[in-house]
Amino acid sequence: MDNSFKTFLKHTAKDFHNQSVNPPVVRASTIIFKSMQHIRKTQLKAKKDPTGGHYDYGRQGTSTTHILEKILTKLEESYHVFTTPTGFGAVFLAIFSVVRPGDEILVADPVYSPTRLLTQDYLKEFGIKTIFYDPRNLKTLKNNISKKTKMIFVENPGSNSFEFQDLKKIISISKKYNIITAIDNTWATPYYFKPIKFGFDMSIVSATKYYSGHSDVMGGSLAVNKKVFKKVKAAERITGLRLGPDDAYLITRGLRTLDVRLDRHRENAKKVAAFLSKNKKFKLLYPYKKDSYNFRMWKKFYSGASGLMGLKIKSKEINSVRKFVNSLKLFGYGYSWGGFESLALHQEYRETGDRRYLNLAKDEHLVRLHIGLEDPNDLIADIKQALRYLK
Ligand SMILES: Cc1ncc(COP(=O)(O)O)c(C=O)c1O
């Protein structure tokens, strides 16, 4: 019988050897062998079976990281998953594995701002050109492809502005021109969308968010298909970007309840979205209204939505927007998201950066809300009381 993934998450990685329901944390810098022959045997095995969890040094991981990578490989339906110390480490590893001096990279305009800084500023210093494309107009993607284009880097939906893109079109363009594709899938996780199965070569998730779920650990994952595996494996070795065992343990523990938490985030967010969508003072940036392009692009590819959403507020009085956000009592103010708790952020220039295609007038403001696992009626009541300050 092939159990569903929900059941798999509850039953996987039991440790009958130590008689514990969860696997132990194996910490090691030195991996110890009984003899030199054993070292050589392991090295041979690692060469023949590079995803099999054969290590000769702690930087390559231990059984704790291997268990997490195996679980994530199943969730992603990918060839392999690499785990990194942060989500941004996975972004870096994906790009570093593929692009070289003289290459060009096409990047979605609304990417996470550190991804923008990495591509736009740092890659430039290495002779790599970045061109940002408009997530709503893929002609800006297609028309900018050249012989030098090595990679298309997508983030869906866009960070803070939540544009949903036509992913099918992106994959078809990339296949036509034989360009490697990567997507930052942190918002949905493979629980709601499986990029590798869909046709992407690489898929990034910040494990700091929903995988861990408790706002107390950082990590990242990079899922790959067979085509790019060797390139990423080589880059992983040379950069030393590898998740530590304690963090791997916490993320594995978080994954046990990923489906339960995400289902509840989705339900809570839907209730809050139903309330917010009725207000004329702002535009809700979440796939809720059925007649919108965003909704159609979400519905076409995703089986669910997570708890992160935005509001585009039209107001000439920025102080009233600040007052609205500051008057929320159940929403914490802080970066990151994907934990059990609700969060709010007023997006100013620092968060959006200098985007080319940000559709935002001078009197429009972005607010980001993460809808947590509290009672949604309490969250709605809290937003309701704060809304009186919005002018
Ligand atoms: C969409 C997205 N990708 C990547 C990252 C980076 O993840 P981390 O904070 O784990 O480095 C973040 C963090 O906020 C994010 O929002």
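This is a short tour of the model, stop by stop, with what to select at each one.

Before you start, note that this is a predicted model, where local features need pLDDT of at least 70, side-chain atom pairs count only at pLDDT 80 or more, and totals for chains, interfaces and linings use all residues. Residues are numbered from 1 along each chain as its sequence is written, and side-chain values use heavy atoms, with hydrogens and water left out.

**Stop one: a positive patch**

Select Lys139, Lys142, Lys168, Lys169, Lys176, Arg296 and Lys300, and you'll have a patch of positive charge on the surface. Patch members have over 30% relative accessible area and no salt bridge, with like charges joined within 9 Å. Lys and Arg count as positive, Asp and Glu as negative, and His and the chain ends are not counted. Each charge is placed at NZ of Lys, CZ of Arg, CG of Asp or CD of Glu. The areas come from the Shrake-Rupley method with a 1.4 Å probe, and for residues only the protein chains shown count as cover.

Now colour helix 6 (139-142), helix 7 (167-177) and helix 13 (293-301): each supplies at least two residues of the patch. Helix 7 gives the largest share, with 3 residues. Helices here are DSSP runs of H or I with at least four residues, strands are runs of E with at least two, and both are numbered from the N terminus.

Click on Lys142, in helix 6. Its relative accessibility is 37%, so Lys142 counts as partly exposed; buried means under 20%, exposed over 50%, and partly exposed in between.

Stay on helix 13 and pick Asn294, Phe295, Met297, Trp298 and Phe301, which are buried. Show helix 7, helix 8 (189-192) and helix 9 (195-198) too, as they are among what covers those residues.

**Stop two: a buried lysine**

Jump to Lys209, in the loop between strand 6 (202-206) and strand 7 (220-224). Lys209 is buried yet has no salt bridge, and the nearest side chain of opposite charge, Asp184, is 8.1 Å away. For reference, a salt bridge is a side-chain nitrogen of Lys or Arg within 4 Å of a carboxyl oxygen of Asp or Glu. What does Lys209 touch, not counting residues up to four places away in sequence? Thr186, Ser336, Trp337 and Gly338, where contact means heavy atoms within 4.5 Å.

**Stop three: Gly61 and Arg242**

Gly61 is in the loop between helix 2 (36-48) and helix 3 (63-76). Leaving out residues up to four places away in sequence, Gly61 touches Ile31, Tyr55 and Arg242.

The whole structure has 14 salt bridges. Select Asp103 and Lys150, whose closest N and O atoms are 3.2 Å apart. This pair links distant parts of the chain, 47 residues apart: Asp103 in the loop between helix 4 (87-98) and strand 2 (104-108), Lys150 in strand 4 (residues 149-155). Asp103 is buried at 10%, while Lys150 is partly exposed at 35%.

Last, select Lys314 and Asp363, a salt bridge at 3.3 Å between the closest N and O atoms. Lys314 belongs to strand 9 (residues 308-314), and Asp363 to the loop between helix 15 (349-352) and strand 12 (364-370), 49 residues apart. Lys314 is exposed at 51%, whereas Asp363 is buried at 16%.

Definitions and conventions:
Patch = residues over 30% accessible without salt bridge, like charges linked within 9 Å, V, L, I, M, F, W, Y side chains within 5 Å. Buried < 20%, exposed > 50% of the residue type's maximum accessible area, 1.4 Å probe, protein only.
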